[in-house]
Amino acid sequence: MKTLFLQAPSFDGFDGGAGSRYQAKREIKSFWYPTWLAQPAALVPGSRLLDAPVEELSVEESLKIATEYELVIIHTSTPSFPTDAKFAELLKARQPKILIGMVGAKVAVDPADSLTASPAIDFVAREEFDYACKEIAEGRPFEDVTGISYKLADGSVQHNPPRAMIENMDDLPFVAPVYKRDLKIDRYFIGYLKHPYMSIYTGRGCRSKCTFCLWPQTVGGHRYRVRSAANVIAEAKWIKENMPEVKELMFDDDTFTDSSNLERVHEIARGLHALGWTWSCNAKANVPYESLKIMKENGLRLLLVGYESGDDQILHNIKKGLRTDIARRFTEDCRKLGIQIHGTFILGLPGETKETITKTIEFAKEINPHTVQVSLAAPYPGTQMYKQAVENGWLEPNQDVNLVNDKGIQLALISYPHLSKEDIFHGIETFYRSFYFRPSKIWEIVKEMLGSWEMTKRRLREGVEFFRFLRAHES
């Protein structure tokens, strides 16, 4: 079947970042690559990947494109599902014979309710959906496709047996050729990455057990299944030869530097260095100095690090598997080696108080990553934190779909007897102001701007967006 893989139109500035972990309008407009759709698109000959938010396509423009296809597969999420389902209904009304499926963590954990929420959705794919999409595109009957749920003629829902996890990740084709064919890569930008950048996965799954983290608990699993170093280097070589405008590679694995994987990381780093790459990756704040040194010597520029909190009890509560003293030492090692850090923090995690919010802000200022991102604790269905929130009464009934408002601003849904969701929500702007409005940090950013006219233009644009974000957050 003629197949379209679609990120449906959404609010301006929608960021389906980090494997769609945070579907919200960020403090600075940014876009991650739709890797999870690009992967099955690479398996289906003649298919197209359309990222409507990045292309700034309207609903009408997107509908005109989608009606040209026989099969449309939409990536959805808990916050975007209502608008995605509405788009599916508009598309089905215009082209009744079109087959519409949805993929993503939302439908993976709640397939029955997702299907019955809209008559326009014909099937949803659970677990890893790459080969399920391929088989449906080939015309295989629904009953023969594992890992999907679909509607029967009488309106009831049929759940096929689960699909086995992909074990040989090298069997999956490269996503970079799909990016080149279908995407305008200059429109993908992240404040802390060089532009244009490109993000790819070198494996799936994460051995960490963080209670809030969506993807490992819903689709990717807790076993880290990886591509071989040779396979990763081969894709990096293809990008270098076919997309020379790309200035940086970002490895978006949940934890690229998993301790069981460091020799492979070293091998990949050396291969990237031989190709002349600058690169960045996600990392846990416990990578040994020796590994950091090898990575830095072989092209590593920046690490995206989830610190989450500056309070050890909160880190224990969320099963982070990390202490603040280890994070401090790791951060100092990175500083000695000249590795930049983009640090991410979360407010409102179990155990949060006004005092721990202040403690986390002071911790962030002390370790001083180059840039930070502060999010609200988001109780995504399918995560242990969602289960805790419901069981303990931290989450009001029927709020699970309202993780963002109609403008895409993330909402604080969790509240505690001792800490209101309003206090947590406004902790975001307090955090940002405390961290960035320091003379030392302002001078650090100014020095960075003085070194490059391109960086000056970029930081000025981001500064305007940042102040708009703060004003929107205050209101």
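**Figure 1. Helix α13 lies across strands β14 and β15 in this predicted model.** The helix spans residues 289-297. The strand β15 covers residues 300-308. Helix α13 runs at about 140 degrees to β15. Four residues of α13 are buried: Ser291, Leu292, Ile294 and Met295. They sit on the same side of α13, because they cover an arc of only 160 degrees around the axis. What covers these buried residues? The cover includes helix α12 (262-275), strands β14 and β15, and helix α15 (324-337). Look just past the end of α13 for Gly299. Gly299 takes a positive phi of about 100 degrees.

**Figure 2. Six strands form an open sheet with parallel pairing.** Read the order as β10-β13-β14-β15-β16-β17. Which strands are at the edges? They are β10 (197-200) and β17 (371-376), and each pairs on one side only. Neighbouring strands of this sheet are turned by 20 degrees against each other on average, direction ignored. In general, strands of a sheet pair through backbone hydrogen bonds, either parallel or antiparallel. Now zoom in on one pair. Strand β13 (residues 248-251) and strand β14 (residues 279-283) pair in the parallel sense over 3 bridges. Leu249 stands opposite Trp279 of β14.

**Figure 3. Helix α18 lies across strands β16 and β17.** The helix takes in residues 421-436. Strand β16 takes in residues 340-347. Helix α18 runs at about 170 degrees to β17. Strand β17 is also an edge strand of the sheet in Figure 2.

**Figure 4. Strand β1 is mostly covered.** Which residues point which way? Thr3, Phe5 and Gln7 point one way from β1. Leu4 and Leu6 point the other way. Strand β1 pairs with β5 in the parallel sense, over 4 bridges. Here Leu4 has Val72 of β5 as its bridge partner. Strand β1 also runs parallel to strand β4 (residues 48-51), and 4 bridges join them. Phe5 stands opposite Leu49 of β4.

**Figure 5. Glu70 reaches the backbone of Lys2.** Glu70 lies in the loop between helix α4 (59-66) and strand β5 (71-75). Is Glu70 buried, exposed or partly exposed? Its relative accessible area is 43%, so Glu70 counts as partly exposed. Leaving out residues up to four places away in sequence, Glu70 touches Met1, Lys2, Ile98 and Leu99. The side chain of Glu70 comes to 2.7 Å from the backbone nitrogen of Lys2. Glu70 and Ala137 are 67 residues apart in sequence. In space, they are 9.0 Å apart, C-alpha to C-alpha.

**Figure 6. Arg94 and Glu60 meet in a salt bridge.** The structure holds 26 salt bridges, and the next views pick out some of them. The side chains of Arg94 and Glu60 come to 2.9 Å, N to O. Arg94 lies in helix α5 (residues 81-94) and Glu60 in helix α4, so the pair ties together parts that are 34 residues apart in sequence. Arg94 is partly exposed, at 41% relative accessibility. Glu60 is partly exposed too, with a relative accessible area of 36%.

**Figure 7. Lys92 and Asp122 form a buried salt bridge pair.** Their side chains meet at 2.6 Å, N to O. Lys92 is in helix α5. Asp122 is in the loop between helix α7 (111-116) and strand β7 (123-125). The two residues are 30 residues apart, and the pair links distant parts of the chain. Lys92 is buried, and Asp122 is buried as well.

**Figure 8. Glu128 and Arg225 belong to a network of salt bridges.** The closest N and O atoms of Glu128 and Arg225 are 3.0 Å apart. Why does this pair tie together parts that are 97 residues apart in sequence? Glu128 lies in the loop between β7 and helix α8 (130-137), whereas Arg225 lies in strand β12 (residues 225-226). Both Glu128 and Arg225 are buried. Which residues make up the network? Salt bridges that share partners join Glu128, Asp130, Arg204 and Arg225.

Notes
Residues are numbered from 1 along each chain as its sequence is written. This is a predicted model: local features need pLDDT of at least 70, side-chain atom pairs count only at pLDDT 80 or more; totals for chains, interfaces and linings use all residues. Side-chain values use heavy atoms; hydrogens and water are left out. Buried means under 20% relative accessible area, exposed over 50%, partly exposed in between (1.4 Å probe, protein chains only). Contact means heavy atoms within 4.5 Å. A polar contact is a pair of N or O atoms within 3.5 Å; within protein, one must be able to donate a hydrogen and the other to accept it, and residues adjacent in sequence count only if both atoms are side-chain atoms. Two strands pair if DSSP finds at least two bridges between them. Axes are lines fitted to C-alpha atoms, for helices over the stretch in contact, and angles run from 0 to 180 degrees between N-to-C directions. The arc is that of the directions from the helix axis to the C-beta atoms. A salt bridge is a side-chain nitrogen of Lys or Arg within 4 Å of a carboxyl oxygen of Asp or Glu.
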